[in-house]
Amino acid sequence: MSLRLSPGLVRAALSASLFFSAQAALADRAHLILDAQSGAVLEAKNPDELNFPASLTKMMTLYLTFEALQKGTLKWDDKLVLSANAESKDPFKYALGPGKTITVKEAVLGMIVLSANDAAVAVAEHFSGSEADFGKVMTAKAHALGMTNTVFTNPAGLPDPAQVSTAKDMGTLGLALMRDFPEEFKLFSTRKFVFRGMKLHGHNRMMASYKGVDGIKTGYTKAAGYNLVTSASKDGKRVIGVVIGAKSATERDQQMTDLLNTYLGGETKAAKR
């Protein structure tokens, strides 16, 4: 199956990519927290600062996957081939070997729980034939959703100076996933799953430490710093929080905890014992 862009969207995506790649996107600290019902910004710091999204990128790969599933052009048990290119994407991957296959469901869970790079690439190559072409589709969808400062060039979030986003845009994407795919969004709360007899555990520690958190995605590269988008609810109120450019996973999680405490009045699970 192939996802195609109109010539105008291709030109727009390429122009944006050239524009952003000429700028220095650094791991600057940024954060944002949104009211999930209204979309109102409750607090923000540097929300429009360009940064590297790292594996938060997979949120868009998942958005496009969910969209294809909703349209019926993709099915949960469809097989995706893991190419040699997919196999080369360290560090997190299924590592089954070139030519092996995974189902769409395994690809989705792999991206959500393990942040599996080979699964993301398999999706991209299935849709568009190459990571670069899929990046254009991702960018066009981002702009259609209102993520005007985002350029995607690969589906996994691996380092590329042209691949940039902002805390505001990542919050917009989190809200779009929740709004457009409410059933599929529930998968972001998956903390572990069994893959062909192996028990695999994720590394989103907020779901274990904070009551009411139900996803959604972590991200890290050396250039990006430690990134996090979190969905949480309490007493009928739901928020989406974004932290970009933290210096450690511990700092990232603490900053998110502070934001949630401020706007949900919650507490960590450890504190409740």
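In what order do the 5 strands of the open sheet lie? The order is S2-S1-S9-S8-S7, with antiparallel pairing; two strands pair if DSSP finds at least two bridges between them. Helices (H or I, at least four residues) and strands (E, at least two) are DSSP runs, numbered from the N terminus.

This is a predicted model, in which local features need pLDDT of at least 70, side-chain atom pairs count only at pLDDT 80 or more, and totals for chains, interfaces and linings use all residues. Residues are numbered from 1 along each chain as its sequence is written, and side-chain values use heavy atoms, with hydrogens and water left out.

Select the edges of the sheet first: strand S2 (41-45) and strand S7 (213-221) each pair on one side only. Among the residues here, Gly219 has Asn227 in S8 as its bridge partner.

Proceed to helix H10 (residues 249-264) and pick Asp253. Asp253 has 10% relative accessibility and therefore counts as buried (under 20% relative accessible area; exposed is over 50%, partly exposed in between; 1.4 Å probe, protein chains only). Beyond residues up to four places away in sequence, Asp253 touches Arg205, Met206 and Leu228, contact meaning heavy atoms within 4.5 Å.

Finally, select Gln163, in the loop between helix H6 (131-144) and H7. Gln163 is buried, at 2% relative accessible area. Residues up to four places away in sequence aside, Gln163 touches several residues, including Asn51, Phe52 and Pro53.
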